[in-house]
Amino acid sequence: MTDSRDPDALIRRAGRPDPSFDQHFLVDDRVLDRIPTFAESFDRSHVLEVGAGTGALTDRLLDAADRVTAVERDEGYAAFLREEFADEIAAGDLEIVEGDVLDVDLPDFTCSVSNLPYGVSSETTFRLLPLGKPMVLMYQLEFAERMAAEAGTSEYGRLSVAAQHYADVEVVETVPREAFDPQPRVQSALVRVTPREPDYEVGDEAFFLDFVKALFTQRRKTVRNAIRNTAHISGLSDADAVVAAVDEDVLRQRPGNLDPSAFAALANVALGVEGGDGG
Ligand SMILES: C[S@@+](CC[C@H](N)C(=O)[O-])C[C@H]1O[C@@H](n2cnc3c(N)ncnc32)[C@H](O)[C@@H]1O
């Protein structure tokens, strides 16, 4: 491993980050060195980094990967990266994609390792998750805990079910505010996302996700009332018929206590009723 670039020196050369543009840069070398190790079991032949900033993590990823594609929206930092990493770019080891991660064409990457822009954490995650690639991603701690939460906990919600529909999700490290410059308001956490097929089947994925979203708007109600009260969100035309087709012991529970497979079973019943075959 070659000597890594000093993150503080990168900031001095590239110019100060602006937190109003989601620019909180990692300056703790120990954290920067550890991040790629969480992706050691993944295929790192082509790593996607979202939000490269001044390239402190990019530099570590270049040591761990065959090839890196780094997306950065900030025009000034994208220009800095092209200059700072001119040799790596010339060698074909690095490509800088300037633009918004929600709009740009993504390459055919094998895994992603990123310190995400927190303002678009959710949208970025749900752009990447359906692609089925393993990822190590930095989030605000509270978001990370909600992604990984299990049924019956206060953090469990729509985000947990939707994320765990695509992958095993685990919080692998909490990162203190002091590891960043400028410091974010809250702690952060690294999440490892390992894609797999769910251990249940859903008849219609888009309906399943809409149904979960609808029921969690009524998380403190019973499933019975949540189904009835949210037909306008889930798109059910006959919520009472759906309720009539669901087992009483499920109807008595709260949405926050149903695990993803229970949600899938419920969505499949609803779809069957709506489709006219009575479940
Ligand atoms: C949290 S910083 C991470 C910087 C660097 N990777 C690090 O770890 O120090 C997020 C970076 O994403 C960039 N960014 C913000 N919104 C973006 C978007 N929609 N698409 C791509 N990059 C974005 C910011 O300019 C910033 O450089």
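This is a predicted model: local features need pLDDT of at least 70, side-chain atom pairs count only at pLDDT 80 or more; totals for chains, interfaces and linings use all residues.
Trainee: What volume does the largest cavity have?

Mentor: Rolling a probe the size of a water molecule over the atoms shows where empty space is left. With a threshold of 30 Å³ or more, the count comes to one cavity. The volume of the largest cavity is about 30 Å³.

Trainee: In S6, what is the bridge partner of Val113?

Mentor: Strand S6, residues 135-140, is mostly covered, with five of its six residues buried. S5 and S6 pair in the parallel sense over four bridges. Ser112 has Met135 as its bridge partner in S6, while the partner of Val113 there is Val136.

Trainee: Is Val50 buried or exposed, and at what relative accessibility?

Mentor: Val50 has its place in strand S2. Leaving aside neighbours within four places in sequence, Val50 is in contact with Val71, Val101, Ser114, Asn115, Leu116, Pro117, Thr124 and Leu128. Since buried means under 20% relative accessible area, Val50 counts as buried because its relative accessibility is 1%.

Trainee: How far apart in space are Val50 and Arg73, C-alpha to C-alpha?

Mentor: In sequence, Val50 and Arg73 are 23 residues apart. In space, their C-alpha to C-alpha separation is 9.3 Å.

Trainee: Which side chain is joined to that of His46 by a polar contact of 2.7 Å?

Mentor: His46 lies in the loop between helix H2 (29-34) and strand S2 (47-50), and this histidine counts as buried because its relative accessibility is 5%. Beyond its neighbours within four places in sequence, His46 is in contact with residues including Arg67, Val68, Pro107 and Asp108. The polar contact of 2.7 Å joins the side chain of His46 to that of Thr69.

Trainee: Is His232 buried or exposed, and with what relative accessible area?

Mentor: His232 is found in helix H11, residues 231-234. A polar atom of the side chain of His232 lies 3.4 Å from the backbone oxygen of Asn229. Because over 50% relative accessible area means exposed, His232 is exposed, with a value of 66%.

Trainee: Which elements do the buried residues of H1 pack against?

Mentor: Helix H1 covers residues 7-14, and its buried residues are Pro7, Ala9, Leu10 and Ile11. These buried residues of H1 pack against strand S1 (25-26), H2, helix H3 (56-64), helix H4 (75-84) and strand S8 (180-181).

Trainee: Which residue caps the N-terminal end of H1?

Mentor: H1 is followed by Gly15, whose phi is positive, near 105°. At the N-terminal end, a side-chain oxygen lies 3.2 Å from the backbone nitrogen of Asp8, and the residue that provides this cap is Asp6.

Trainee: Which elements give two or more residues to the lining of the largest pocket?

Mentor: The largest pocket holds about 440 Å³ of space and is lined by 28 residues, of which Asp22, Gly51, Ala52, Glu72 and Pro117 lie nearest its centre. The elements that give two or more residues to this lining are S1, S2, H3 and strand S3 (68-72).

Trainee: By class, how many residues of the lining of the largest pocket are charged?

Mentor: The lining of the largest pocket has 14 nonpolar and eight polar residues. Its charged residues number six.

Key. Residues are numbered from 1 along each chain as its sequence is written. Side-chain values use heavy atoms; hydrogens and water are left out. Buried means under 20% relative accessible area, exposed over 50%, partly exposed in between (1.4 Å probe, protein chains only). A polar contact is a pair of N or O atoms within 3.5 Å; within protein, one must be able to donate a hydrogen and the other to accept it, and residues adjacent in sequence count only if both atoms are side-chain atoms. Contact means heavy atoms within 4.5 Å. On a 1 Å grid over the protein atoms alone, a cavity is a set of points where a 1.4 Å probe fits but cannot get out, and a pocket is an open set with protein on both sides within 12 Å along at least five of seven lines; lining residues have an atom within 4 Å of a point. Grid points are joined across faces, edges and corners, and a volume is the space filled by probe spheres set on the points. Ala, Val, Leu, Ile, Met, Phe, Trp, Tyr, Cys and Pro count as nonpolar, Asp, Glu, Lys and Arg as charged, and the others, Gly among them, as polar. Two strands pair if DSSP finds at least two bridges between them.
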